[in-house]
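Trainee: I would like to go through this chain and ask what stands behind each label.
Mentor: Show it, then ask.

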Amino acid sequence: MQHIEPSSLSDLESRVSYLKAFVGFTAADAQAIHASKPVVAALVPGIVDTVYRKLLSFDITAQSFVPRQTGYDGDAPASLKELDLEHPQIKFRMSFLRGYLVKLVTMDYEEAATWEYLDKVAIMHTGVPGFAHRAKKPSLRVEYVHMGLLLGYVMDLLLSSVIEHPDLDEQTKSAVLRGFNKVIWIQNDLFARHYVAEPTPAPKAYGMNRNILFYGVGVIAVLGWLRVSYQHWMV
């Protein structure tokens, strides 16, 4: 049995090592992802358009694109009603998703820099600058529920696109999808680590060890049951 020290999971390298070991992300998965580059590259424009149509179909996600985006110098939308795929600010944001998808099929998954990049992608959506160029820029925060849904939606689009691709055999489809699925789940965890607070050990009650406390409560409960049973028997 492999031992994982819980405190080690706060370190990115240790956490990624554990995640890769648990989901079984191997060099073969990385190779399958890299080999899919020509196929995925052709799918990226359609996936990006579909993702942003989805994001703009709900006001709770669309409202994140009303404020001026970091690095965008054009006219910002005045309201939700102005948002569509043709708005310059939306096109600006779409370019980031295209770049992210391209990186997924080109990054070296043996390099620490790859996982640092994916971790920073998560950090930058929490309102804390993830990249140096955002250090003095307005904060950006997108709640975890939306980020989790976005990753799930992207994975679903990849699934349907690869499964229905006419030029890939079944073995290749399986290898590509398994590789992407593992990476997306690791990315999801890298989001979660910056949004979800780790549980803290329960404090000792009145200075007593919790085991002693639970034992005492158990004894009291048993004694109470015996007392009620005795009274009922005496009646």
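Trainee: Why is Leu 158 called buried?
Mentor: Leu 158 has a relative accessible area of 2%. Buried means under 20% relative accessible area, exposed means over 50%, and partly exposed lies in between, with a 1.4 Å probe and protein chains only. The 2% of Leu 158 is under the cut-off, so the residue is buried. This is a predicted model, in which local features need pLDDT of at least 70 and side-chain atom pairs count only at pLDDT 80 or more, while totals for chains, interfaces and linings use all residues. Residues are numbered from 1 along each chain as its sequence is written, and side-chain values use heavy atoms, with hydrogens and water left out.

Trainee: What makes Lys 182 count as buried?
Mentor: Its relative accessibility is 9%, so Lys 182 falls under the cut-off. Lys 182 is in helix H8. Leaving aside neighbours within four places in sequence, Lys 182 is in contact with Val 23, Gly 24, Phe 25 and Asp 29. Gly 24 is 158 residues away along the chain, yet the two C-alpha atoms are separated by 7.8 Å.

Trainee: Leu 85 is in a loop. Why does Leu 85 count as buried?
Mentor: The relative accessibility of Leu 85 is 15%, so it too is under the cut-off. The loop runs between helix H4 (59-62) and H5. Beyond four places in sequence, the contacts of Leu 85 include Asp 49, Tyr 52, Arg 53 and Leu 56. Leu 85 and Arg 53 are 32 residues apart in sequence and 7.2 Å apart in space, C-alpha to C-alpha.

Trainee: Why are H1 and H6 called roughly perpendicular?
Mentor: They pack at an angle of about 100°, with axes 11 Å apart. Angles of 65 to 115 degrees count as roughly perpendicular, under 35 as roughly parallel, over 145 as roughly antiparallel and the rest as oblique. The angle lies in the 65 to 115 range, so H1 is roughly perpendicular to H6. Leu 12, Val 16 and Lys 20 of H1 make the contact with Trp 115, Glu 116 and Asp 119 of H6.

Trainee: How do you know that the span of H6 is close to the one expected?
Mentor: H6 (residues 112-124) has 13 residues and reaches 18 Å from its first C-alpha to its last. The expected span is 1.5 Å times one less than the number of residues, and for H6 that is 18 Å. The buried residues of H6 pack against H1 (12-23), H5 (88-104) and H8 (170-195).

Trainee: What makes a set of residues a nonpolar core?
Mentor: Its members are buried Ala, Val, Leu, Ile, Met, Phe, Trp, Tyr and Cys residues joined through side-chain atoms within 4.5 Å. The largest one here has 54 residues, and Leu 104 and Phe 180 are among those that touch the most other members.

How values were computed. Helices (H or I, at least four residues) and strands (E, at least two) are DSSP runs, numbered from the N terminus. Contact means heavy atoms within 4.5 Å. Axes are lines fitted to C-alpha atoms, for helices over the stretch in contact, and angles run from 0 to 180 degrees between N-to-C directions.
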